[in-house]
Amino acid sequence: MLRFEHIRHLSTIHVLERSKLSCKLEKYAENAVGKVPVLIGSFTRHFTSKSFTNVSKRNISKVLVANRGEIAIRIMRAAKQLGLRTVAVFSTADRNAVHTRFADQAVCIGPPPSTQSYLNIHSILKAAKETGADAVHPGYGFLSEHVDFAEALEKEGIKFVGPNTKAIRAMGDKIESKRIAKKAGVYIIDGYIGEINSDRQASEVAKEIGFPVMVKASAGGGGKGMRVASNEKELIEAFRICKSEAESAFGDSRLLIEKYIVKPRHIEIQILADEHGNVVYFPERECSVQRRNQKVIEEAPSPLLDPITRQKMGEQAVALAKEVGYTSAGTVEYLVSGLDKSFHFLEMNTRLQVEHPITEAITGIDLAQSMFRIAAGERLHIKQEDISIVGSAIECRIYAENPYNNFLPSVGNIRCYKEPKLEHLKPLSPSLGNRLERLEHLNFNSHGVRVDAGVEEGLDIPIFYDPLISKLVTFGEDRTVALHRMANALDEYVIDGDRLVHNVPFCRAVISNPKFISGDITTNLIKEEWPDGFHGVSLSKDQSYQAMSATAMLYFRDTGYTSTIVKVDNHQEQQFLVRRVNNNTLGFQPIPLDWNGAVPKNATEELVSNSYFKTSILGGGRIELINIETNNNLGVIQVKRLGNSRLDLVASYTVTCFGAKFDVCLRPAYVAVLEKFMKRTDAASQSKILKAPMPGTVRSINVKEKDSVSEGQEVAVLEAMKMQNVLRAPSSGIVKRVFCSQGEILSLDQPLVEIE
């Protein structure tokens, strides 16, 4: 068990004490003992030391992690493995968050808005001083690339676990970083190297370099403050939105414009650099699957690159790091042509990346621990030739967002949460040798799954921060195996709550997409494959039968009926007759029934399927996990009962499988006949009231009562989870009423404007 230190009450900062950990945190604590690599000669010697080597050189004994959620836990786990004590910080909205209970100490630093808490340098600095922390790790986002924060820590004699301030300042400014990259011999993209001060100047620059162009925040990152414009009208809107978004997210509204490369791939190179001039690069990460310029799925290595291109990109990344005198972990991002593999410098992130686990998986090197060792003044004990690729890894970012509604953020309470284990699949191959031990150290289970999460059942997803729930990572001996494991992991991942929507079905659809499977992708994959938005996955005939098998299994268990009608509500009426053969096997008659529940007269026994599906219940609770076995293939289906008693004759379920989510209704065959007497209602007419699609803050209301508006016209801008979302008129008409004002915080579905 981890021990929580009792410390005195601070005058303006409250310390949260914990005496008991959940089972999940106990597991983390157990993993944190006795499996630390010793950096002697090479990273190939692993997992023997229980303490932080050379710690006295910089006197690092306690680290404050200036972040929240999964990355705070990830950093603290690395620190604990090195024998360091940990301090968490939290806003009042995160008082019960998992990361506060994982740390040895937890300190409240302010109210929910990030500007008053996680971006509040004064509060974090005070927490570090009063808890005796001699080092601060910023994680990613928030203050991780804020030079004023690093300088403030330096003045107080507290070590910033990251790059030096010179590198942060130079690389944090996208305009300056381009100048330095060009000087270092790194290929750069055509554009205007300088600040864009007005939409008029933006228009002049865009015309000079040619549309399409990318408008982006100079101090930005994470897809925020970034828009593509294909014409002057789009440019003016992009300039306005990016400027406002950049100011809100980074406190810096400066923008730049560069040529937008058509059919680009986003590929990045991880580096490590010590304070003694040693720099190494790691195999690349492919990050091309993005929505709203924010990464969704990453993999390593890229299916595009060859060894020669990989080496060139790596060597340029090292040259840039040396040019700026870089130290610690960093990432050089490139835009790469999928046609000729030519690459151009995009930016350098002076922090640990969200997607770092996939690099750790294929190299076996703990990047988070490496940052602590570099901060302590240690030399890199690896050479470039020591870094090799073993296997393939894929990461899906699991967001609380609605993929069916333009990926708008979603909030709510997590009622049910179960992380995938893939115990129904074969474990990792013993042929991986000592790499298996490295993967275990890096928190992968024996089936190649790692989940970096900052949530648990009963917690709320707050509106104030990035909507990331977790990072789901799978490792395989090759890309095909890694993809297969990811598909099964997504199917097994249970996240459910009141009004809570997540992107797991969308991630499942992406990794099943033929272009993604083939590796023929660009940053436009989502726009090209789902041009009208994501509307769910259409199941094949066999997949539909498997879904019904899982649902009928539960119904038979609860009611005992042996002849049942299944109605699938998946944007079309499908009804099938199902009969139970025994408790674990279902025989199907895939004969569609009419609305009255009758078998068509032309149906014959020849239409009866000979396929059988073995089903077994893996886990109970609010959502049941059902294992399906057919033709030696395995799959997991989630079934959630919707209200009422298990003994009801008519039972409704929500089924999630293979990226699809739909409702099914089961009832005895004789009950189905009675449906012909039930009246069917028409769909409700479309409302002319524009409602908040998610909770958020009203940044602007652009219409007033009695204004004429046309369909699609911008009506308001709503900010949620650090992103600004333009809300448009659902139809043409006259504004009858405006329900809210600028600065007001709205709840989900709260009315904004009524149009008549």
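In this predicted model, Ile180, Ala181 and Lys183 of helix α7 meet Leu320, Glu323 and Val324 of helix α10. The residues of this contact divide into 4 nonpolar, no polar and 2 charged.

**The helix pair**

Two packed helices are described by the angle between their axes and the distance between the axes. Helix α7 covers residues 174–183, and helix α10 covers residues 307–324. They pack at an angle of about 110°. Their axes lie 9 Å apart. Angles of 65 to 115 degrees count as roughly perpendicular, so α7 is roughly perpendicular to α10. What is the hand of the crossing of α7 and α10? The crossing is right-handed.

**The whole chain**

Now for the setting of that contact. The protein chain has 19 helices and 40 strands. It holds 756 residues, and 59% of them count as buried. Contacts across the sequence can also be sorted by separation. Among the contacts in the protein chain with a separation of 6 or more, 66% are between residues 24 or more positions apart.

**Strands β33 to β40**

Take the open sheet to begin with. It is formed by 4 strands, in the order β33-β40-β38-β35. The pairing is antiparallel. Which strands are at the edge? They are β33 (689–691) and β35 (708–709), and each pairs on one side only. For β35, the partner is strand β38, residues 733–738. Within that pair, Val709 has Gly733 in β38 as its bridge partner.

Strand β34 spans residues 696–701. Which strands pair with β34? One is β39, residues 745–746. Another is β36, residues 714–720. Both pairings are antiparallel. Two residues of β34 show how the strands line up. Gly696 stands opposite Leu746 in β39. Thr697 stands opposite Glu719 in β36.

| Strand pair | Sense | Bridges | Residues paired |
|---|---|---|---|
| β35 and β38 | antiparallel | 2 bridges | Val709 and Gly733 |

Notes
Residues are numbered from 1 along each chain as its sequence is written. This is a predicted model: local features need pLDDT of at least 70, side-chain atom pairs count only at pLDDT 80 or more; totals for chains, interfaces and linings use all residues. Side-chain values use heavy atoms; hydrogens and water are left out. Two strands pair if DSSP finds at least two bridges between them. Axes are lines fitted to C-alpha atoms, for helices over the stretch in contact, and angles run from 0 to 180 degrees between N-to-C directions. Angles under 35 degrees count as roughly parallel, over 145 as roughly antiparallel, 65 to 115 as roughly perpendicular and the rest as oblique. A crossing is left-handed if the near helix is turned anticlockwise from the far one by less than a right angle, and right-handed if clockwise. Contact means heavy atoms within 4.5 Å. Ala, Val, Leu, Ile, Met, Phe, Trp, Tyr, Cys and Pro count as nonpolar, Asp, Glu, Lys and Arg as charged, and the others, Gly among them, as polar. Buried means under 20% relative accessible area, exposed over 50%, partly exposed in between (1.4 Å probe, protein chains only).
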